[in-house]
Amino acid sequence: QAILAQASPSIIPPLRRCWLLYSLDSVGLCEAMVDACEWEQSALLHKYVLEKKDELAKFGSCEDSAAGPNSISPFVPCAASRIPYILQAARITKDDVLYDLGCGDGVILHEAAQRIGCRCVGL
C-alpha cells in the first residue's frame, strides 16, 4: 500500500514544496520510494557536465583534471533541495563532526554547520 505525503516544511528549504511517495512496510514504518529532488540534481548534471563535454575534453590529458585519466567523476554540486534530506538521514547532532570526502564546493558542510551547529571537515 502506498501513500503520498507532503514533506515536512521544517526539513525543506523555504518556498519549495516536495512530495514524497511512501510505502507502508509490515510494521507500519514509512520508507521513501522516490527522490523528490531528482529534477534539480539532473539539471545541475546537465549544466556542469553534459553541456560542457567539448570544454572538458580539452583537459582530458591533464592528470588532475575532472576530465583527466585519474578522475573518478566530474564535479557536480549537490542540489540545494536535497541537502536537508541528507542532513536528516545522517541524524547529525551539534556534538558530531561531519567529514565530507570529495566535498567539492563544501555546500553540504556549510549548510550542516549553519543548521545544526556541528563541526565540519571537508576533503
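Contact means heavy atoms within 4.5 Å. The model used here is predicted.

**Exercise 1. Find which residues Cys118 is in contact with, leaving aside its neighbours within four places in sequence.**

Solution. 
- Step 1. Set aside the neighbours of Cys118 within four places in sequence.
- Step 2. List the contacts that remain: Ile92, Thr93, Lys94, Asp96, Leu98, Ala112 and Ala113.

**Exercise 2. List the residues of the largest nonpolar core, then name the elements that give two or more residues to it.**

Solution. 
- Step 1. The core has 9 residues. They are Ile83, Leu87, Ile92, Leu98, Cys103, Ile108, Leu109, Ala112 and Cys118.
- Step 2. Two elements give two or more residues to this core: helix H3 (83-90) and helix H4 (107-115).
- Step 3. H4 gives the most, with 3 residues.
- Background: in soluble globular proteins, nonpolar side chains tend to be buried together.

**Exercise 3. Work out how the buried residues of H4 are arranged around its axis, and what covers them.**

Solution. 
- Step 1. Pick out the buried residues of H4: Ile108, Leu109 and Ala112.
- Step 2. Look down the axis of H4. These buried residues fall within an arc of 100°, so they line one face of the helix.
- Step 3. Turn to the other side of H4. His110 and Gln114 are exposed there.
- Step 4. Look for the cover. H3, strand S4 (97-100) and strand S5 (119-122) are included in what covers the buried residues of H4.

Terms used
Residues numbered from 1 in each chain as written. Predicted model: local features only at pLDDT ≥ 70, side-chain atom pairs only at ≥ 80, totals over all residues. Heavy atoms only, no water. Core = buried A, V, L, I, M, F, W, Y, C linked by side-chain atoms within 4.5 Å. Buried < 20%, exposed > 50% of the residue type's maximum accessible area, 1.4 Å probe, protein only. Helix = DSSP H or I, 4+ residues; strand = E, 2+ residues; numbered from the N terminus. Arc of directions from axis to C-beta.
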